[in-house]
Amino acid sequence: MSQPIVIGKRKSRFKELAQAAIPGGGNLDLCLTCSSCVNGCPASGISDMDPRKFLRMVLLGLDEEVLQTPWIWWCSMCQRCKRACPMGVDIGALVFMARQQWSRENTPKGIQKSCDLHLEFGNSTGIRREDWVSLCADLVEETRQQEEDWKDLPAPMDKKGAAYYLNQNAKEPTVEPEEMIPLWKILHEVGIDWTYSSEQWDAVNYCMFSGDDRDWEAVVRRQSEIVDDLGCKTLINTE
């Protein structure tokens with residue numbers, strides 16, 4: 001016969017921290033343990049963890065276990081759990097708070113490196129500005145020469161006053177640059193006046209996933225400043 005786990009009386013400092021930081025307190029105490037969050041979560045079962053179990057550990061004051069589980073880095077913070085929850089418990093925000101408690105040195109290297117590259121180069125794969133500009137120029141020129149129907153295809157860079165500012169998933173210019181051309185053709189065909197930026201063009205902000213608010217804000221703020229400087233009215237984020 002299984003025995004109950006005796007955990008004694010504990011005070012969850014992490015729960016208090018999270019409730020103070022999450023708007024409305026995250027409804028953490030309203031959990032019905034119905035497991036609706038588990039059914040909607042793509043990370044359920046990884047590292048022997050799921051959203052319901054993670055929340056129960058927080059509520060039981062198991063701070064050490066909560067702040068050590070690698071499961072928080074498998075969570076995509078997609079918020080499906082919150083949408084599935086009848087009480088609106090914000091487990092995604094709870095996971096974000098848990099990530100903030102990890103030191104920069106212990107944050108998964110792939111996420112942290114992508115964030116650091118974005119802060120330094122304006123994109124998460126570390127493509128230098130001159131290489132990005134040259135790549136787009138070469139691609140569009142090659143297309144114009146090889147495809148008669150697209151001899152006027154544009155790929156504008158830093159175009160002042162363009163109506164739309166286009167971001168690009170950095171994976172494409174890094175490993176499959178030809179995948180950018182169909183989007184340029186679509187925009188041209190429907191008459192969209194758009195531009196890339198030579199400085200800050202990555203559609204993915206990995207700094208959001210590292211849990212560091214300052215880095216996340218730095219990327220978004222610089223992006224916003226460039227959009228305003230160019231005079232663009234709308235940002236198209238392709239990710």
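Biologist: How far apart are the mean positions of the positive and negative charges?

Modeller: For the 27 positive and 37 negative charges of the protein, the mean positions are 10 Å apart. Lys and Arg count as positive, Asp and Glu as negative, with His and the chain ends left out; the place of a charge is NZ of Lys, CZ of Arg, CG of Asp or CD of Glu.

Biologist: And what should I know about the model itself?

Modeller: It's a predicted model: local features need pLDDT of at least 70 and side-chain atom pairs pLDDT 80 or more, while totals for chains, interfaces and linings use all residues. Residues are numbered from 1 along each chain as its sequence is written, and side-chain values use heavy atoms, without hydrogens and water.

Biologist: OK, new topic. What box do the C-alpha atoms fill?

Modeller: Roughly 75 × 30 × 30 Å, along the principal axes.

Biologist: How much of the protein is buried?

Modeller: 42% of the 239 residues, where buried means under 20% relative accessible area with a 1.4 Å probe, protein chains only.

Biologist: Now S198. Is it buried or exposed?

Modeller: S198 has 4% relative accessibility, so it counts as buried.

Biologist: Which side chains make polar contacts with the S198 side chain?

Modeller: R129, at 3.0 Å, and D158, at 2.6 Å. A polar contact is a pair of N or O atoms within 3.5 Å; within protein, one must be able to donate a hydrogen and the other to accept it, and residues adjacent in sequence count only if both atoms are side-chain atoms.

Biologist: What else does S198 touch?

Modeller: Leaving out residues up to four places away in sequence, S198 also touches W132, V133 and M157, with contact meaning heavy atoms within 4.5 Å.

How values were computed. Buried means under 20% relative accessible area, exposed over 50%, partly exposed in between (1.4 Å probe, protein chains only).
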